[in-house]
Each structure stands twice: as structure tokens, then as C-alpha cells.
Amino acid sequence: MKINKEEVSEQANEEVLDQKEQMKEDKEIAQEESVKEPESNLDPLAKMQGELAEMKDKYLRLYSDFENFRKRNAKERLDLIKTASEEVLRDLIPVVDDFERAFKASENESDAGKVREGNHLIFQKFVKVLESKGLKVMEDQIGHPFDAETQEAITQIPAPSEEMKGKVIDVVEKGYTLGDKVVRYAKVVTGA
């Protein structure tokens, strides 16, 4: 039987590693026992004071983390409020430019129909920008029952027919919604 030198050295290395691991484990166990022994020798008051100090430290760290979060959140909210309308304003600037060009062109124009047509085109562009941002006009309100959630009755008039009582007879100002939220209540005339 021939024994290879490499096999012998591998076995020796493994034995040395096992011995080192065993020594580490023994050392850790000895440290744990030495740590446990003084704790059992401490009086309960000192133990409680140590725990109290540890809890106070945790509380202070948690409180400071929360305060930092609150301040950061408030700052981000203010920044968001300041710049929230930036996108809408950027999209409205071309409409303002169109109005300026229309005013300049209408100074020399004698045909009121062309001026009216130009103003109508600019109005349509303006409405498209608002709709692209989610603003919607409340439509088809005449003849429908009064809805206090979306309408504001400014006056009541005698209903022209019995079936129009409690319903919208006329819309003085259109109402607008942004998503599900009412931005402006429709001002309506109801039948009494």
C-alpha cells in the first residue's frame, strides 16, 4: 500500500483546521460563560438601570429619525407645491403667445368674422390644454335634477312645466371637475 504525500498533507491540514475550529468554539463558549456570570452577580436594580439606559438610547435614536423624516417630508411637500403648476403653466404659454399674435393681427383687420374665427381657434387650443391636464366641463345639466354635490343654485324661478320642478332650467356658469374632484361648482337656475 502506497501512501501519497499529498493525501497525507491534506489529512494533516484538515486535522489542523478542525482543531482550530474546536479551539474557537471553546473560546466563544468560555466568553459567553464569563459574560453570563457577572450578569447573574449584578443586583436587579443595576440590571434594570442598564436596560433603561439602553431603552432611552433606542427611543432617542428613533425620535431623531422620525423628526428628520418629518422635516424632510415637509420640505419635499413645500417643493412639490411650489412646482406643481409648472407643467400646466408651461403648456399655457403657447396659448398666451397666440393671444398676443391675435391682438396684433386684429389691430389692422377690419373683418370681424376673421377676428372671431381666430379667437375661436385660440379658445379651442386653450380648452384642449386644460382637458389634457384632466379638467373636464360638466355637460348636459339642463333638464336633469339639481345635484348639490356638483351644482350651486343661484336662484329659483317658476318651472315652465310640472316635470321641470326641482330640475335645472338654465346654467349660468359651467362647472368643472379635475378627476373626481369638483374644481368649480356649476351655477344653475332651478325650477320651483
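Mentor: A definition comes before the count: rings of Phe, Tyr and Trp (its six-membered ring) pair if their centres lie within 6.5 Å, and planes under 30 degrees apart count as stacked, over 60 as edge-to-face and the rest as tilted. This is a predicted model, in which local features need pLDDT of at least 70 and side-chain atom pairs count only at pLDDT 80 or more, whereas totals for chains, interfaces and linings use all residues. Residues are numbered from 1 along each chain as its sequence is written, and side-chain values use heavy atoms, with hydrogens and water left out.

Trainee: How many aromatic pairs does that rule give?
Mentor: The rule gives three aromatic pairs. One of them joins Phe66 and Phe69, which are tilted, at 6.5 Å centre to centre and 40° between the planes.

Trainee: Where do Phe66 and Phe69 sit in helix α2?
Mentor: They are three residues apart in helix α2 (residues 44-83), so about one helical turn separates them. Helices here are DSSP runs (H or I, at least four residues), as are strands (E, at least two), numbered from the N terminus.

Trainee: What about Phe99 and Phe103?
Mentor: That pair is stacked, with 6.2 Å centre to centre and 25° between the planes. The two residues are four apart in helix α3, so they are separated by about one helical turn. Phe99 counts as partly exposed at 30% relative accessibility, while Phe103 is exposed at 54%.

Trainee: Changing topic, which residues line the second largest pocket?
Mentor: Phe103 is among them, as are Ala102, Glu109, Lys114 and Ile122. A pocket is an open set of points on a 1 Å grid over the protein atoms alone, with protein on both sides within 12 Å along at least five of seven lines, and a 1.4 Å probe fits at its points; lining residues have an atom within 4 Å of a point. α4 gives the most to this lining, with five residues.

Trainee: And which residues lie nearest the centre of the largest pocket?
Mentor: Val127, Leu130, Leu135, Val137 and Tyr176 do, out of 13 lining residues. Here too α4 gives the most, with five residues.

How values were computed
Buried < 20%, exposed > 50% of the residue type's maximum accessible area, 1.4 Å probe, protein only.
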